[in-house]
2 protein chains.
Amino acid sequence: MPEFARGFVRDMRPRWAFEEVGQPYAVNLIADSKCPEHRRWQPFGQVPTYRDDEVAIFESGAIVLRIAERAGKLVPVDPAARMRALQWLAAALNSVEPFVMAVAVNDIFEADREWSKARHVKVVDDLKTRLGDLEAALGDKAWLDGDAFTVGDLMMISVLGGLRRTGLLRDFPRLASYVARGESRPAYRKAMEDHMATFDAPASA
Amino acid sequence: MPEFARGFVRDMRPRWAFEEVGQPYAVNLIADSKCPEHRRWQPFGQVPTYRDDEVAIFESGAIVLRIAERAGKLVPVDPAARMRALQWLAAALNSVEPFVMAVAVNDIFEADREWSKARHVKVVDDLKTRLGDLEAALGDKAWLDGDAFTVGDLMMISVLGGLRRTGLLRDFPRLASYVARGESRPAYRKAMEDHMATFDAPASA
């Protein structure tokens, strides 16, 4: 794993969910996510994947939902509140993360391309529009749907955490507080500690 | 709506889901998705939004899931198969659509920017890597998880349908067949017919 990936790899999402619901879990680190053996579980050669006694899946959005539903936590029972939690989960994955990733792709992975500097302004503007809309929707609430922290918040804060080295949340104080509120949860802290420790651990094939 | 949006607006996704499960629905077209009244339902000023007697949500991924779950169709009952369907739904939204959108953004919305031509090769290469992985995962199966068409296929085919004017699926014959198979379903055809008809209909505020 490259140095810049520390704190950003998506195993953080299931780790955080496991800690929130109090479910112990075992980690299997892999040396090469692009190898054929891993691709049987993850066709795009990425992490994380997930397995329990009943289910084997990939995609952090689905994994977090599985962990939450299996524990009967982080997803409200009331049908309207449940669907709003899933709405915010989908919004994090489909309406916010692509804009966060566009900045990361441009500024990190395409940094040496001839267009990167000129395009930076455009991708940051697009992201800021999205962040402004999200901040307005959050308003003065503690979490996206009010007082209850759900899988929607876990995913949205995970996605917004991808901006922590960019300074871009400085213009959005309520979003910045929201992210800080999420990242100060004991479950997040424990998950991040364990996530960071893996960078010093040896990987198996 | 601009001409190029015909056939691509995301109201197609709930329309298709409604037709698959046989649930009648009413459509409320809006003249200005950026107006404050609409943003109360959709913070990003986009479509679609959804409401039934119990639930009011946005995000096409969550809406399609609600329609499917409410009808007891398109989502398998078996927990393992159910989570694989939700995994493919999440994969469509988070692992495939951002790459499809990157091409659309570059080639349509950033067509007049100085980087658009040079960057075209990069975004197409990135997308093709993703499509190759997806085609390998599909293999010779009819649908992503085998014989049963699920919300995962509905969303993946909706996302891949965004490429229909680019010719990019020509290099992926099994994916192209998969999309054609989905789009030949009577429910898809009815939904697309109704979708296209709205472009000739007057909008209300």
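How many residues of chain A are in contact with chain B, and how many of chain B with chain A? In this predicted model, 35 residues of chain A are in contact with 35 residues of chain B. On the chain A side, strand E2 (56-58), helix H3 (60-71), helix H4 (79-109) and helix H5 (116-138) each supply at least two of the residues that touch chain B, and the largest share, 14 residues, comes from H4(A). By class, this side of chain A divides into 21 nonpolar, 5 polar and 9 charged residues.

Within chain A itself, the division is into domain 1 (3-74 + 193-198) and domain 2 (79-188), whose centres, taken over C-alpha atoms, are separated by 20 Å. The contact between these domains takes 13 residues from domain 1 of chain A and 11 residues from domain 2 of chain A. Helix H1 (12-21) and H3 of chain A each supply at least two residues of the domain 1 side, with H1(A) giving the most, 6 residues; the residues of that side divide into 9 nonpolar, 1 polar and 3 charged.

Turning to chain B, the axes of helix H4 (residues 79-109) and helix H5 (residues 116-138) come within 9 Å and cross at roughly 160°. Because angles over 145 degrees count as roughly antiparallel, H4(B) is roughly antiparallel to H5(B), and H4(B) passes H5(B) in a left-handed crossing. The residues that meet include Val96(B), Phe99(B) and Val103(B) in H4(B), and Val123(B), Leu127(B) and Arg130(B) in H5(B); by class, the contact of H4(B) with H5(B) has 9 nonpolar, 3 polar and 4 charged residues.

Conventions
Residues are numbered from 1 along each chain as its sequence is written. Chains are lettered from A and ligands numbered from 1 in the order in which they are written. This is a predicted model: local features need pLDDT of at least 70, side-chain atom pairs count only at pLDDT 80 or more; totals for chains, interfaces and linings use all residues. Two residues are in contact if their C-beta atoms, placed from the backbone, lie within 7 Å. Helices (H or I, at least four residues) and strands (E, at least two) are DSSP runs, numbered from the N terminus. Ala, Val, Leu, Ile, Met, Phe, Trp, Tyr, Cys and Pro count as nonpolar, Asp, Glu, Lys and Arg as charged, and the others, Gly among them, as polar. Axes are lines fitted to C-alpha atoms, for helices over the stretch in contact, and angles run from 0 to 180 degrees between N-to-C directions. Angles under 35 degrees count as roughly parallel, over 145 as roughly antiparallel, 65 to 115 as roughly perpendicular and the rest as oblique. A crossing is left-handed if the near helix is turned anticlockwise from the far one by less than a right angle, and right-handed if clockwise. Domain bounds come from an automatic or database domain assignment.
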